[in-house]
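Hello,

Here is the structure I promised to pass along. Have a look at it first, and then read on for what turned up.

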Amino acid sequence: MIAQIQKNPWRLLLAINAAVIVGVFIHKIQLPPYVPYIHLLVDYHLGFIKRALIGAIVALFTDKVPVWLVFALGGATWLVTLGLYARLFRKTFGFTAKTLPLFVFIAGSPFFLKNFMHTLGHFDIYGCALAIILLLMPAGSLLFVATAALFSIVLVLIHHIHLLMYVPTIITIVVVRHYLAHGCNRTNVVFGIVAFAIVSALFFAAQFLGTMPIPEADFVAYLKTRMADPSRTDLLQFAYIWYQPLAKEISDTWGRLPHNILGVPMFALLIWLHTPLWRFFANLIGALASELHRRLVIAALVGVSLAYLVMFAMVFDYSRWISNWAVCMFLILHAVKMLPAARETALIPSEDQKTNIFGLIITLIPRVGIVRPF
């Protein structure tokens, strides 16, 4: 039995991942939900402001927001994302003994579901979930492009940084699944350009016009009226982020850079541990039937990565950004698999000793973190 597990440990690694996720959840509910809780309080009562869509939706159902709602809403979103990804993997690769290593490297990655559990209540996961829906739905009509535009608008209203975080990946999915798979014509090209212009305009409106119109003390007083327990003033310590201009965010990021940059070697190590997955992805791109498709996919990967590089220069939540970058790579991998291929790509080997060791290590890493590694 032990020899068999050593030779093919992937079912065991999947079970360990499940146990690790439970542990991360238990640890998470013991931490104070600072920023995620405030996002449930802020709505459009004071006018159009950034980062207010989720709070506005919550306000439709309740006047008072309890702290536990952060975990209930975040947990439900996490479970939906897990279900969506399981369905996507089954659609793209299927669940067999041969595809299990690939599933463990993606779904069991500390960048993905485990880190989303650690950042429970944050807005990152919404971009991932909506991108997965786009990978699951039919892509042959303009309805697909319109849905992608609507999802992008929703994400920018949740938090305008999604224009850099998940909108580039959504654009990549649209290009791969609609424009490359079904062809370009004047109608769908113009429609796509207009949709992108609308999303970009909304981003600039949220960034520069969506500032809080009242003094911070009045804003905090309003937030207290939305709290189930107004005495928990410790949960409002980050209210200042609705007043912080872009220049101040960039200044804070560069001020913390000498300390935060120390985490880069750890990020590089985590990325290296996924080498079997990246090798499979590279082979998948190399197997595409069209040279144009290969070049466009590589250009998209560079574009998505550049968007994250801009985020690194603007906001210092480095662990979250590198984790979401990896998730975007995972989702684009699925999109690439849907393109015509000249040959079949060999899956990650299930009995390779080095691959097994890498799989074990990423399984045992519980998450990447929010700002610095772990």
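A residue is called buried here when its relative accessible area is under 20%. By that cut-off, 53% of the 374 residues of the protein count as buried. Please keep in mind that this is a predicted model.

On the overall fold: the protein has 19 helices and zero strands. Its radius of gyration is 21 Å, close to the 21 Å that the globule rule gives for 374 residues, so the protein is as compact as a globular protein of that length. If we take the contacts between residues at least 6 apart in sequence, 82% of them join residues at least 24 apart.

Now for the surface and the charges. The accessible surface of the protein is about 16600 Å², and carbon and sulfur atoms account for 70% of that. As for charged side chains, 27 are positive and 14 are negative. The centres of these two sets are 11 Å apart.

Is Phe204 buried or partly exposed? Its relative accessibility is 46%, so Phe204 counts as partly exposed; the partly exposed class lies between the under 20% of buried and the over 50% of exposed. Val156 is 48 residues away from Phe204 along the chain, and the C-alpha atoms of the two are separated by 9.9 Å.

Conventions:
Residues are numbered from 1 along each chain as its sequence is written. This is a predicted model: local features need pLDDT of at least 70, side-chain atom pairs count only at pLDDT 80 or more; totals for chains, interfaces and linings use all residues. Side-chain values use heavy atoms; hydrogens and water are left out. Helices (H or I, at least four residues) and strands (E, at least two) are DSSP runs, numbered from the N terminus. The radius of gyration is taken over C-alpha atoms; the globule rule is 2.2 Å times the number of residues to the power 0.38. Buried means under 20% relative accessible area, exposed over 50%, partly exposed in between (1.4 Å probe, protein chains only). Contact means heavy atoms within 4.5 Å. Accessible areas come from the Shrake-Rupley method with a 1.4 Å probe; for residues, only the protein chains shown count as cover. Lys and Arg count as positive and Asp and Glu as negative; His and the chain ends are not counted. The place of a charge is taken as NZ of Lys, CZ of Arg, CG of Asp or CD of Glu.
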